[in-house]
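Student: I have not looked at this structure before. Could we go through it by question and answer?

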Amino acid sequence: MNNQSQLLLAVIVGGGLLAILAGQLWSAARERRRAAEFSEPFPAQWRALLEETLPLYRRMPKALRLRLEPLVRAFLADVRFVGCQGLEVTDEMRLVIAVQACLLIVERDPRAYESLASVLLYPDQFIVNETDEDEAGVVHEGESVLSGQSLDTSRIVLSWRDVQESAVEGDAYNVVLHEFAHYLDNSVGGTLTDLTARRAALEAWHDVLHREYEALCDAVDRGEDVLIDPYGTESTVEFFAVATETFFETPRELREHHPALYAELKGFYGLDPAAW
Ligand SMILES: [Zn+2]
């Protein structure tokens with residue numbers, strides 16, 4: 001090894017070490033910030049704001065609300081909210097989104113959103129360019145109008161108007177729960193909703209998912225009234241997201257008409273919203 005390659009090696013090793021050190025410093029800073037957030041009391045005006053704006057929060061048992069509070073604080077410290085198209089992000093927006101996102105993980109894995117860096121918030125529905133390949137392999141390009149999007153595990157995009165419309169009681173529409181359910185599925189590589197992904201732990205869930213998905217497709221084909229959003233017929237991926245909305249928004253109806261699906265989701269989220 002000549003001097004030059006020794007120098008190069010030293011630079012590479014040094015650079016690698018620096019990157020590792022920077023990574024460790026970054027996660028140590030994140031840990032410190034989390035610890036500080038966890039020890040701070042939850043502001044009374046935040047509780048009042050949630051009480052006032054979010055029927056789902058009003059329904060939650062007190063003990064659950066208290067368990068959510070440190071998670072919400074950590075979420076708000078970790079995740080950057082970005083207002084798009086001139087939208088000014090308020091405390092209300094951040095809180096309403098954070099509390100519903102954290103509800104999905106409070107009894108599962110409090111670190112499930114660790115790689116989530118940002119929530120992009122549009123004032124209303126937004127347009128994205130999409131390319132789609134049909135069965136013949138022809139690629140189509142076009143625009144889609146969306147109320148929410150969860151593409152990867154680093155960011156989630158939401159329409160604030162749709163977040164507000166989700167906070168209306170009596171229907172099963174909830175774009176926040178929908179997109180964060182996709183996030184949880186994405187964070188395990190889509191295995192939750194991929195019926196070909198054989199995992200012993202997922203067998204019972206996949207059986208129920210398959211049966212309920214087929215049943216929804218059949219009911220929609222027959223033109224019947226359905227409890228679960230017909231959008232769920234798009235794919236098992238979408239079915240899981242809309243079933244999650246129904247589980248939290250109209251839990252008693254879901255438990256009555258789809259007991260097996262309700263039981264699986266209750267096990268998955270570790271929560272029993274029909275009993276709240
Ligand atoms: Zn979806």
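Student: How are the donor residues of the zinc ion spaced in sequence?

Tutor: This is a predicted model. The zinc ion is coordinated by His178 and His182, each through NE2, and by Glu238 through two OE entries, at 2.0 to 2.7 Å. Written as a pattern, the spacing of these donor residues is H-x3-H-x55-E.

Student: Which helices hold histidine 182 and glutamate 238, and how many residues apart are they?

Tutor: Histidine 182 belongs to helix H7, residues 175-187. Glutamate 238 belongs to helix H9, residues 236-249. The pair therefore links distant parts of the chain, and the separation is 56 residues.

Student: Is glutamate 238 buried or exposed?

Tutor: Buried means under 20% relative accessible area. Histidine 182, at 7%, is buried. Glutamate 238 has a relative accessibility of 13%, so it counts as buried.

Student: What is the geometry of the zinc site?

Tutor: Four donors count as tetrahedral if all angles lie between 85 and 135 degrees. The angles among the four donor atoms here run from 53 to 147 degrees. The site of the zinc ion is irregular.

Student: Where around the axis of H11 do its buried residues lie?

Tutor: In helix H11, residues 259-269, the buried residues are Leu261, Tyr262, Leu265, Phe268 and Tyr269. Their arc around the axis is only 125 degrees, so they lie on the same side of H11.

Student: Which helices are included in what covers the buried residues of H11?

Tutor: Two of the helices in this cover, H7 and H9, also hold histidine 182 and glutamate 238.

Note on methods. Residues are numbered from 1 along each chain as its sequence is written. This is a predicted model: local features need pLDDT of at least 70, side-chain atom pairs count only at pLDDT 80 or more; totals for chains, interfaces and linings use all residues. Side-chain values use heavy atoms; hydrogens and water are left out. Donors are N, O and S atoms within 2.8 Å of the metal (3.2 Å for Na, K and Ca); water is not among the atoms, so sites may look incomplete. Four donors count as tetrahedral if all angles lie between 85 and 135 degrees; four count as square planar and six as octahedral if opposite donors are over 155 degrees apart and all others between 65 and 115; anything else is irregular. Helices (H or I, at least four residues) and strands (E, at least two) are DSSP runs, numbered from the N terminus. Buried means under 20% relative accessible area, exposed over 50%, partly exposed in between (1.4 Å probe, protein chains only). The arc is that of the directions from the helix axis to the C-beta atoms. Contact means heavy atoms within 4.5 Å.
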